[in-house]
Amino acid sequence: MKNEPKKEIWEEIVISNLRTQNGKIKVIMADAGFFAYNNILLPLNLRTIPLIKVKSNIDVKKLKKRIENHPANLFWLDSRYNKNLSSLLKDFSYAIKQTVEGINKYEKFTETRSRIESFFKIA
């Protein structure tokens, strides 16, 4: 795993370990090394807000449009989740909105991230 590109280990780190079908929405912050369209789009259906630094060669308007047009998870339509569908869709809408806003605010979050990293280094 050490030599794998960051964007390829995202699924193992985020999708497999941090996703949630119910419960609190989670926010995961990552640097540009994790940037890939799927790394931004896949977590939205799993109640996770990906806050990934956008690479400089990416058209941010096109990215935002892709996020806003991302379809909801059809898995939620399964009979086990039907009674929670309105809540899930509300959370999905929130995750999309926060992801789009996060693209513009990434630099504001880097200070908080830096403090968290410093805390773990000291601990």
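Begin by selecting Thr99, which touches Ile40, Leu44, Ile49, Pro50 and Ile67, residues up to four places away in sequence being left out; contact here means heavy atoms within 4.5 Å. The model is predicted: local features need pLDDT of at least 70 and side-chain atom pairs count only at pLDDT 80 or more, while totals for chains, interfaces and linings use all residues. Residues are numbered from 1 along each chain as its sequence is written, and side-chain values use heavy atoms, with hydrogens and water left out.

Thr99 counts as buried because its relative accessibility is 2%. Buried means under 20% relative accessible area, exposed over 50%, and partly exposed in between, with a 1.4 Å probe and protein chains only.

Next, select residues 85–122, the helix α4 that holds Thr99. Helices (H or I, at least four residues) and strands (E, at least two) are DSSP runs, numbered from the N terminus. Colour the buried residues of α4: Leu88, Asp91, Phe92, Ala95, Ile96, Thr99, Val100, Gly102, Ile103 and Tyr106. An α-helix has 3.6 residues a turn, so residues three or four places apart point the same way. To see what covers the buried residues of α4, display elements including β1 (26–30), α2 (37–41), β2 (48–52) and α3 (60–68).

Now centre the view on Lys105, where α4 bends by about 70°. The bend is the angle between axes fitted to the seven residues ending at a residue and the seven starting there. Between its end C-alpha atoms α4 spans only 43 Å, whereas a straight helix of 38 residues would span 56 Å at 1.5 Å a residue; the expected span is 1.5 Å times one less than the number of residues.

Continue along α4 to Ile116, which counts as partly exposed because its relative accessibility is 44%.

Finally, select Ala32, in the loop between β1 and α2. Ala32 touches Lys53 and Lys55, again leaving out residues up to four places away in sequence.
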